[in-house]
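Please look over the model shown below. A short report on its layout and some of its residues follows.

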Amino acid sequence: MPSARDVLTPDALAMLQTVANTGSFAGAARALNLVPSALSYRVRQIEDALDVLLFDRSARQARITEAGAELLRESARLLNEIDAVANRVKRVATGWEPMLTIAVDSVIARDPLLDLATAFFALEPPTRLKLRDETLLGTIEALTSGEADLAIGAVLDAASLAFTATGIRSRPIGELCFVYAVAPHHPLARLPEPLTDEVLRQYRAVAAADSVRSGPSMTVNLVGGQDVLTVPSMQFKLAAQLHGLGGGFLPEPMARPYIEAGHLIERKTERTPPLGTMHCAWRVRSAGGPGRALEWWLAQFEHEATRRALLERHRGR
């Protein structure tokens, strides 16, 4: 006996829809240019494979059953998906990638990034988009390991990776300043400035974990011997410091709205605040240039306003 997969072909689903639309096997046979007995046989094959009754034949008309109605609802969706896949395949053949994976460092502002995604989808590309949340070396590792096609907010550039990864290209996005901040009710908010390492060592630091999966991880501006609360991202670090769970350096654009609103207090330390150059990086394919989706994203980084927004346009509370 044929299986459900054997009988549920696009032609068979269209045939069942015709029977439902005409309300009779005779009418459907005329519309499909088939002999009524041949049409009845094909419908019966489908019913036997599914072990359900799709049409009630007790009356002169072919009344669709609940099972039949459900099959037709799903068949309409499946037929639309087949058309969509065919269209996507045609466009992929013109140079669009089937999937583009972007590793996004947690210092990157999410709203302008999603604005870019909105503009990308407005092109109606056949490319599916996947965004990965990464931190520090994990952002570039996702690219060098082949798990991502583009890294936004990488702390390392192509020159720094020349001895460990080949085929990587990069361009700077901009400089990112950091400020040391604590919640107003944290003890460090009331101590005299500048805060020394000895003072900082007495209080818990909040650190965003490096999302690198293999090799050494990266830590930034932690005092030796200091208690540390490690969180998964920079947004989580901000939330922890707002709750008074510890202190630490935050990207200045991310912290500024909360400092101005009084939810965080900026403190000076004896340590020089970190200043990082953020990059976007991508892998060069062995043959040809970047696909059309990656090409589009790279073109967005040519605009200074876009680069600035990705580092500076963090939404306040």
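Which residues does Gly174 touch, not counting residues up to four places away in sequence? Gly174 touches Gly276, Thr277, Met278 and Leu311. Contact here means heavy atoms within 4.5 Å. Gly174 is found in strand β6. The C-alpha atoms of Gly174 and Arg308 are separated by 7.1 Å, though these residues lie 134 residues apart along the chain.

This is a predicted model: local features need pLDDT of at least 70, side-chain atom pairs count only at pLDDT 80 or more, and totals for chains, interfaces and linings use all residues. Residues are numbered from 1 along each chain as its sequence is written, and side-chain values use heavy atoms, with hydrogens and water left out.

## Overall layout

The protein is divided into domain 1 (4-73) and domain 2 (99-316). These bounds come from an automatic or database domain assignment. The centres of domain 1 and domain 2, taken over C-alpha atoms, are separated by 57 Å.

The radius of gyration of the protein is 30 Å, whereas a compact globule of 317 residues would have one near 20 Å. The radius is taken over C-alpha atoms, and the globule rule is 2.2 Å times the number of residues to the power 0.38. Along the principal axes, the C-alpha atoms fill a box of roughly 95 × 45 × 35 Å.

The protein has 12 helices and 11 strands. Helices (H or I, at least four residues) and strands (E, at least two) are DSSP runs, numbered from the N terminus. Of the 317 residues, 41% count as buried. Buried means under 20% relative accessible area, exposed over 50%, and partly exposed in between (1.4 Å probe, protein chains only). The protein exposes about 16,700 Å², and carbon and sulfur atoms supply 54% of it. Accessible areas come from the Shrake-Rupley method with a 1.4 Å probe; for residues, only the protein chains shown count as cover.

Among contacts with a separation of 6 or more, 72% join residues 24 or more positions apart.

## The annotated stretch

An unreviewed UniProt entry carries the annotation "domain: HTH lysR-type" for residues 8-65. UniProt positions are given in the numbering used here, feature names are shortened, and annotations may be inferred rather than shown by experiment. Over residues 8-65 the chain is 62% helix and 7% strand. The end C-alpha atoms of this stretch are 17 Å apart.

Thr18 lies in helix α2 (residues 10-22). Leaving out residues up to four places away in sequence, Thr18 touches Ala28, Ala31 and Leu32. Asn33 lies in the loop between α3 (25-32) and α4 (36-50). Asn33 is not a glycine, yet its phi is positive, about 60°.

## Strands and helices beyond it

Strand β3 (residues 99-105) is mostly covered: six of its seven residues are buried. Seven bridges join β3 to strand β4 (residues 128-134), and the two run parallel. Two strands pair if DSSP finds at least two bridges between them. The bridge partner of Val104 in β4 is Asp133.

Leu136 is placed in the loop between β4 and α7 (137-144). Leu136 has a positive phi of about 55° although it is not a glycine.

In helix α10 (residues 252-260), Pro253, Met254, Ala255, Tyr258 and Ile259 are buried. The buried residues of α10 pack against β6 (168-182), α9 (234-242), β9 (248-251), β10 (265-267) and α12 (304-312). Gly262 follows α10 and has a positive phi, near 85°.

Leu310 lies in helix α12. Its contacts, leaving aside neighbours within four places in sequence, include Val107, Ile108, Pro112 and Phe301. Leu310 and Ala159 are 23 Å apart in space, C-alpha to C-alpha, and 151 residues apart in sequence.

The loop between β6 and α8 (197-200) holds Pro194. The peptide bond from Glu193 to Pro194 is cis, with omega near -5°.

| Residue | State | Relative accessible area |
|---|---|---|
| Thr18 | buried | 17% |
| Asn33 | exposed | 72% |
| Leu136 | buried | 15% |
| Leu310 | buried | 0% |

Why does Leu310 count as buried? Leu310 counts as buried because its relative accessibility is 0%, and buried means under 20%.
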